[in-house]
Amino acid sequence: MKLICGPMATVSHPAFRFLVEKFGGCDEYFTEMINAGTLLTGGPFEKYYLDSSPCPQKIVWQLTSKNTELMLGAAERIVKLDGIGIDLNMGCSAPDIYKTGAGISWMIKDRAETFAMVKSVGEIISNYNSSLENNCTTQEAGIGGGKKRFSVKLRLGDDNFTDEGFFTFCDGLVERGVQLLTLHPRTKKEKLTLTPRYAYCQKLAERYRGSGLQIYLNGNIKDQASYDYALSIAPDVDGVMISRASVQKPWIFSELKQTLRGEFVQGQPSQAPVVDMQELAFSFIDDVEKYQPPEFWKTRLQRFFTYFCMNFKFSHYAQTQFLNAKDNEDLRSRIKDFFEKCPEEKLFIPK
């Protein structure tokens, strides 16, 4: 069973991947959504979105756009980069995304348009993979080396979706070259507090059994119990994607690996490590400063600490202190002050 770190805006960047890797890492890292139009026009920050550190071999590049032409242009560029492959975002239901025609809008708009776009992206990836087979060296085929996978992350659709409509939509994706579907089994407007309909992940796994298509399950996985519950309903999926819980607990993948696979982390037996939370916080700030532009520091740090502070008994106090920091030095000072006032929070033993 693969363990995958999901795409998260302002989180899925190199500094966060370095943090997760310190605890043993996961099998794949999806990037945050890369806007195809901004990428092609050469926005000043795009180089940061294209940084695959520290493990380019584990990267899945996720693209978003409302426009087919822009999506194709971005795919032509991304396919040559290191990584596992390209993922199309058809699941983001944030109003500022789907109202522009991106994200889940691709599941709702005219299928002819959606399927034409998917087919064209699939052809770009297929042609690139063929070029690798026809050339003697990876340098002749592109800088990325290795064949690329084509995947789509999606939801169930609009709130009036039907089983027939959903499954025939998935059939259309597969017929046009998609090799992996990651399903967040909620509709466009269903809130994260509602239990995902994991049975649809199992139905997809059964529908495409033996075809080579992979199915990843996504939604509400936050610990061993929720993992076990999801797989009790969808036992035949190929992977489990974890997003927000990995921000709160960057060690969650290693915890699951130890329990499920009997693996070791950094040569140590399968047991929970003691985490120095102050050192972790300082290290993360250092890496954000190293791998993100100054314009991004505040939003990246605020998003991270919103979730990470949930580990603390006095989480609301920690969030209030950390998120209101004036700058990074003030944040470091507030973190140090927090642990001086709450020394019992400094050393954390994951459950």
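The exercises below, each with a worked solution, go through selected features of a predicted model.

Residues are numbered from 1 along each chain as its sequence is written. Because the model is predicted, local features need pLDDT of at least 70 and side-chain atom pairs count only at pLDDT 80 or more, whereas totals for chains, interfaces and linings use all residues, and side-chain values use heavy atoms, with hydrogens and water left out.

**Exercise 1. Aromatic rings**

Find how many aromatic pairs the structure holds, and describe how Phe-305 pairs with Phe-304 and with Phe-322.

Solution. A pair of aromatic rings is described by the distance of the centres and the angle of the planes. Rings of Phe, Tyr and Trp (its six-membered ring) pair if their centres lie within 6.5 Å, and planes under 30 degrees apart count as stacked, over 60 as edge-to-face and the rest as tilted. The structure holds 22 aromatic pairs. One of them joins Phe-304 and Phe-305, whose centres are 5.0 Å apart with 80° between the planes, an edge-to-face arrangement. In the next step, Phe-305 and Phe-322 have ring centres 5.5 Å apart and planes at 75°, so this pair is edge-to-face. Phe-305 lies in helix H15 (residues 294-308) and Phe-322 in helix H16 (residues 315-323), so the pair ties together parts that are 17 residues apart in sequence; helices (H or I, at least four residues) and strands (E, at least two) are DSSP runs, numbered from the N terminus.

For burial, the cut-offs are under 20% relative accessible area for buried, over 50% for exposed, and in between for partly exposed (1.4 Å probe, protein chains only). Phe-304 is buried at 1% relative accessibility, Phe-305 is buried at 1%, and Phe-322 is buried at 4%. Finally, ring pairs link a cluster whose members include Phe-304, Phe-305, Phe-322, Tyr-317 and Phe-339.

**Exercise 2. Lysines over rings**

Which rings have Lys-109 and Lys-203 over their faces?

Solution. A charge sits over a ring if NZ of Lys or CZ of Arg is within 6 Å of the ring centre and within 35 degrees of the ring normal. Lys-109 lies over the face of Trp-106, at 3.6 Å from the ring centre, and Lys-203 lies over that of Tyr-200, at 4.7 Å from the ring centre.

**Exercise 3. The surroundings of Cys-26**

Is Cys-26 buried or exposed, and which residues does Cys-26 touch?

Solution. Begin with the position of Cys-26, which is in the loop between helix H1 (14-22) and strand E2 (28-30). The relative accessible area of Cys-26 is 1%, so this residue is buried. Contact means heavy atoms within 4.5 Å, and, not counting residues up to four places away in sequence, Cys-26 touches Leu-3, Cys-5, Glu-21, Lys-58, Phe-253 and Lys-257.

**Exercise 4. Backbone angles**

What is the omega of the cis peptide bond that joins Ser-53 and Pro-54, and what is the phi of Thr-10 and of Asn-220?

Solution. Most residues other than glycine have a negative phi, and most peptide bonds are trans. The cis bond between Ser-53 and Pro-54 has an omega of about -5°, and Pro-54 lies in the loop between helix H3 (46-49) and strand E4 (59-64). Thr-10, although not a glycine, has a positive phi of about 65°, and at 18% relative accessibility Thr-10 counts as buried. Asn-220, also not a glycine, has a positive phi of about 70°, and with a relative accessible area of 27% Asn-220 is partly exposed. Asn-220 lies in the loop between strand E8 (214-218) and helix H11 (224-233).
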